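Subject: Structure handover

Hello,

Here is the structure I promised to pass on. Please open it first, then read my notes below.

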Amino acid sequence: MTARRLNRREALLAAAGGAGALLLTGCGSPRRPAADGSTLASTWVDPGTGQLQVGPGEPLRARVELGPARPVGAALARIAHLTDAHVLDASSPARVPFLARFGPPLQSTFRPQETLTVQVLAGAVHAIRAFAPELVIEGGDLVDNNQANELAHALTVLAGGTVHPGSGPDGYDGVQLSSDPDPFYYRPDIDAPRHPGLLRAAVAPLSVPGLDRPWVPVLGDHDALVAGELVPTPVTRALAVGDRALWQPPPHLHLPAGFRLNPSGSPDGPPDPRFVAAFLAQALAGPTVTVGADPTRAELAFTVADRLTAAAAGPGRPSPTVGGRLDGVRDIGAAVRLVVLDVTRRDGGSGGLVVPGQPAWLAEQLAAAGDRWVIVVTHQPLAGSTEGGERLLEVMDRFPRVVACLAGHTHRNRIAARPSPAGGYWMITTSSLIDFPQQSRALVLSETSGGGVVLDTWMLDHVDDGALGSVSRQLANLDAQGGRPFRFAGTPRDRNVRLFRRAVA
Amino acid sequence: MSATPGGGSRGRRRRFGDALRMLARSPRRALFTAAGVLLAAAMLSAAVVITDGLGGGFARASARADLGDLIIRFDPESARTVAAKLAALPDVSGFALRSEITSVGVRFGAHRSGTAVAEVLGPGRRQGFAVVAGHRLPAGGAPDVLVETAWAQAWGIAIGDELDVRGLGPERVVGYAEGPDDVGYPLGAPRFYLTRAQLVARFGIPTVGPVNFAEVWLRDPRLVDEVLVQARDESYGLRGLKFSTRAGVQVLISQAAGLVIDLLVALSVIALVTAAVMLGAAARAEVQRRLRSIGIRRALGAGRWALAAGQGLEVALVAVPAATVGTLAGFLATHGASGRLLSLLNEPAPGAGLILPLLGSWALSVAVPVLGAAWPAWRVTRGPVIGLLRGTDVATSRPRFPWPARGGGGLTGLGVRLVAARPARLVATVAMLASSTAFILLMIALAGTLSSLETDPQELGKRYELTAAAPAAAAARIARLPGVAAAEPRYELTAVDAYELGELVDVVAYPRQLSRFEAPPLAAGRRPHGADQAEVGVGLADALGLAPGSALLLELPSGRQLDLRVSGTVNSLAYEGLVAYLPAAVLLRADPAAPEQIAVLLAPRASTATVSAEMRRIGFPPTLTAGAVARGAPLVAVLTTILRAVAVLDGLVCLYALLQACALTVQERRSTVAVLRACGASPGAIARLLSGAVVTLIAPAAALGVLAEAWLLGPALARLAAGYASLDLAPTRVDVLAVLAGLALAGAIAVWAVTRRALAEPVLAGLAR
Amino acid sequence: MAVIEARGLVKAVGTGRAARRVLSGVNLSVDAGEVVAVLGRSGSGKSTLLHLLGGLDPPDEGEITIAGERLTGARARAQDRIRLGHIGFVFQQFQLIDELSGRENVLVPTRLPGAPAGGVRRAEALIDELGLRAVAAHRPHELSGGEQQRFAIARALVNDPEVILADEPTGSLDAANGATVLELLAHMTGRAVLLVTHEPEAAAIADRVLTLEDGELVGAGAGAQRR
């Protein structure tokens, strides 16, 4: 937006430089991203300028904290972990996007790339199909705001079909329109990097092939709670299907008593839902904007769990939820068992909560697993994000066949070894699809000589035939409140690794 | 005349000797050529000094100072908070924080100022300014400062002197600094630098304190817009935010100088082409004159190359010393003033960087005449030798302009006939003279306009000279006063952005004709062309992320909101670019009580004093618009000096062109003159004949020149400057008459001089040809 | 009555080492109606003599009177006036102005300030007389040598001068054209014609033939015809 007048010298230098650059690009082969999204073949690298470039693949590094490296034998299970897609209805009135300008921990209420979540999920599905796992774990926070249309879109992507990502009469009617004078939102028609027509393209119908293989759902906070925090109330329900939206910050917006901006807060907002409720109350008292109403935006509350189970089970199969909870077990082949724990709070708040009886149930399942290797899956990590998580970890510490504990929620790639007297296991979290690096995880469990196992894992970038996925990834990388400054991508030791686990003693 | 084929040092010496002898034979001609080359060389070197020196000034300054790619100013905020926000931005390779304190009182000897700016620097080597003399600020708490070079020069502050700063006491000046992000004193406020460490040591304040200025360096400066977007998105909580990019700073700083550079370069090119054409024509005529002798030498066996080289060598013997003197002259005429201008802009002089370009311009000044002499000789020897010996060069068509049967015309008519008999030559010469005429007219108009131009950097873009505190209804009365071109109501008030960024925005509105009264240069988009449209300053655009098509929401003092669409952004220096221009209807709808005044645009060359008196008489005393002219006066003075130097050079070039053209015309008519003298023509008759010839050249040249300036050059340059200032470059009657008189005088001088020469030559010599 | 009167003419040409006297005290007088031919080798100074008589070159010593008016010592303006009114030149190289037509060339002397009245009438008459009407509108390079020289003669006559000075008038012409030109020169009624040539045939039309040798004019016998 600042004009530059080239003087004669600069024009000559630019011409010379341009010619030189053309020559240089002629030499050397331009790299292309891997067609299957595997980061073993190629990665997306930021050379420090904010612009992503295709870089070399990252080979697997061996991690031997839990057992020595051994020759690898037969593969036992091939799993994909896809988590925190946050499929989002950006036109929904039941959102408080103006909170994002306060910074952490409220920054997730608006993201520049939030209109492109369906496309990114479709791209992740594409990469996972290329990986061809036996089972896909949908790790939670599949949707962002507990809305029916968000869930419908997400499930269509996973099942296959045609998705119409927009909502309301206009497809998109939200804070990123160029007619919005608020300078704190990224408006793709105006703000750099400019993408004219992005908002229209984002709601264009999309045909997707679907996962085409079994998948198992995990319940996340955003799946069941409004903004991942609030149990739906009459106010929020009315807002969701109504025609009043809260785009503009209320005048003299102030932080509720006791609330502190936390630079290292979880991207999922403050743990105490009362703060979000307080902001919402202020917002409702301030100026609102009229938008088109859409009944498909209805909030689902915890019925979302049933829908998830039904969708994952496939047509014709009974839905085995127990009391509306998504705890469950799934076997993969003869050698591996998956134990899914539902620690999402039913009374609001984004953190996890271990309910009474859960540790005992876990112990039962681990005992019943016998000789199978076990992978435990939750949405919120048990260490640090889950109240009572230590108890579950203590249970797992006792069982020698637990290989890994998988989670999402933090949007961060992280792998830590948890040693235990029984042999220890790997604590793995996978990044989200909404924040940079927008990756899923491939996992292959194999035998090693000597009776141990090795869990090979590497990241999968979403791939697409069109450009919207790349735009989303680029915007996510530029975001000063997103995955790049918070280093969600982790270190190489958190990404493409061979995790050795010694044999059971 | 020897025609020794082959080379060897003997051959070379012989050729050298031949060339010298040819020159000695016609010293006047040699001097004339030398004068032409000298002027062209001076022209060229002046253009080099100006373009390379002034044009490259900002680039040199920002490279030397390591100027940041992004400069952000804001209301004081904790350094930790700001650092955290900057660290999260993409593409950042480094940043420096400082506290900029304005309205500091300083004293040095008899000099005093209450508007100095203290830059309190944080830690770090990269700071965005260059230390050009003395040494950097030490790390400890000693009371040392760096002062800006331009300020030091203006007040005579030497390194080692003590500057008295109110609140700090005596501070020792340890060096000079130049920061290209602002202009130097007296164009800007006096500026000095000191470290926070010094204040910590002396006053015990915390090491890390509030800052209000961040300089940011980017890995890839082309992505500055993306970084700006992220910076704004992160900036909630920071107030009074102002962004400026390196490119934006360059535009603002160079605006006034940029105008001059563009003008001077354009003018130099015109004059240079004129000089080149002229030298080429002279060389061609020279060759024509020597056709027979060239033919004889060809007949004797001289090669084409040797002949062409001989011609070239002759001219080279003249051109080399002339070009050397001319190059030096052009350099001396302009480098002092351009150096002063650079200093005012906080930019370094090119120094040794000019050597190579000047050498290049010298080489060009030699090469063009030499080639211009050798080439016709080469070409003319293309045909059979016998053609050369016959010395034919006559147009073969029927007479186009028959001599009238009775009386009419007489000798003057004959003179006209003689020149008109070669239409191609006539057209080329007239074109050349016309361009010189247009050019001189342009210089006169420009000099007149520039000296009356208000070039206070704050006021560029404002075209009205007076304002009066009067109701809108008075505008029609004021517009009817003599000397007033237009008068309109003007509304102005201060609004605030609706998103609590703390941006104070100046809102300016006119009922219509916004661009006539106030039109800062357009940076992007278009002028407002519909209701609810506004154009905004670049400063506001950067602060709020506006671009053509954006929505803008402002809060007025009345409490109402202004809902606008941005049609374009403008480089307005007023109010640091935090300004919005819109139609009065829109503003008045939101705030019917908006403060109003009448803006008065004067007719070209009307006197402010006269019109002011008139306005006082009818009860509306006016105020002058640009009250702070003093700030811009040094800039105007320097610009005028440069322009004057160039004007003189260019004027001389044009005079030379005229004399050359006349001399050539006569030279080719010597045999005719001789015949007439043999027939008994008196000197007066000869003068009449030559006058006819000269008038044939001058009259159409004058007419074409005036038209070219009025219709082509003037409007083109005015358009070029339109962004910066209102330039009225149409020639006035007085200007035109003056130039015509000058042309006539020059023509008369040419006729007189050439007649004298023609008469001095024996009749026989003319007949012998 | 002597129209051309010259006494004691001395002239040296060349500079420095190449300087030599071509005329060493030449006396000459020509009456109206007389045709005088001056013969001599090339370089003998006969053209120089003509130039002195025409006021194109000042003598080092001596006096010249043309039609009763003193030429030597007169101011330049007076000399021009004498040339304009009393002398007509005919050159070997014709010396016509290329840009003008034949007719316009004839008119040139009539345009000069101080020219006697009636020049146009005389010009038209001369063009007819000399048989040049058909080619009057042509430019010199479109004319034959003979035609060019006849135009030159018409030009020399247009102001009705008392004196005609012809410098090698047939030097650039073939025999036929040359004879025509000589005829014209021989029949210039009432004018003093001084003809400089190196061709004896040209001298044949003269009433008197003089020879220039070693800077002195030597009278020869009378020519073949005498008016």
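The contact between chain C and chain B takes 28 residues from chain C and 25 residues from chain B. Here two residues are in contact if their C-beta atoms, placed from the backbone, lie within 7 Å. On the chain C side, helix 2 (76–86) and helix 3 (102–111) each supply at least two residues. Helix 2 of chain C gives the most, with seven residues. By class, the side of chain C that touches chain B has twelve nonpolar, six polar and ten charged residues. Nonpolar covers Ala, Val, Leu, Ile, Met, Phe, Trp, Tyr, Cys and Pro; charged covers Asp, Glu, Lys and Arg; the others, Gly among them, are polar. Helices (H or I, at least four residues) and strands (E, at least two) are DSSP runs, numbered from the N terminus.

Some ground rules. This is a predicted model: local features need pLDDT of at least 70, side-chain atom pairs count only at pLDDT 80 or more, and totals for chains, interfaces and linings use all residues. Residues are numbered from 1 along each chain as its sequence is written, while chains are lettered from A and ligands numbered from 1 in the order in which they are written.

Chain B also meets chain A. There, 41 residues of chain B are in contact with 33 residues of chain A. Several elements of chain B give two or more residues to this side, including helix 2 (27–55), helix 7 (224–234) and helix 17 (538–544). Helix 7 of chain B gives the most, with seven residues. The chain B side holds 20 nonpolar, twelve polar and nine charged residues.

Now inside chain B. Chain B is divided into domain 1 (1–68 + 246–392), domain 2 (92–218), domain 3 (397–455 + 635–769) and domain 4 (463–624). These bounds come from an automatic or database domain assignment. Domain 1 of chain B puts 16 residues into its contact with domain 2 of chain B, which puts in 20 residues. Helix 3 (57–65) of chain B gives the most to the domain 1 side, with five residues.

Strand 9 (residues 210–218) of chain B has two antiparallel partners to look at. Strand 1 (residues 70–78) of chain B is joined to strand 9 by six bridges, and B:Ile72 has B:Ala214 as its bridge partner. Strand 2 (residues 92–108) of chain B is also joined to strand 9 by six bridges, with B:Val92 opposite B:Leu218. Two strands pair if DSSP finds at least two bridges between them. Seven of the nine residues of strand 9 of chain B are buried, so strand 9 is largely enclosed by the rest of the structure. Buried means 20 or more other C-beta atoms within 10 Å of a residue's own, exposed 12 or fewer, and partly exposed in between, with C-beta atoms placed from the backbone.

Most residues other than glycine have a negative phi, and most peptide bonds are trans. B:Ser103 has a positive phi of about 55° and lies in strand 2 of chain B. B:Ser103 is exposed, with 12 other C-beta atoms within 10 Å. C:Phe94 has a positive phi of about 70°. C:Phe94 counts as buried, with 22 C-beta neighbours inside 10 Å. In chain A, the peptide bond from A:Ala192 to A:Pro193 is cis, with omega near -5°. Another cis peptide bond joins A:Phe436 and A:Pro437, with omega about 10°.

Best wishes
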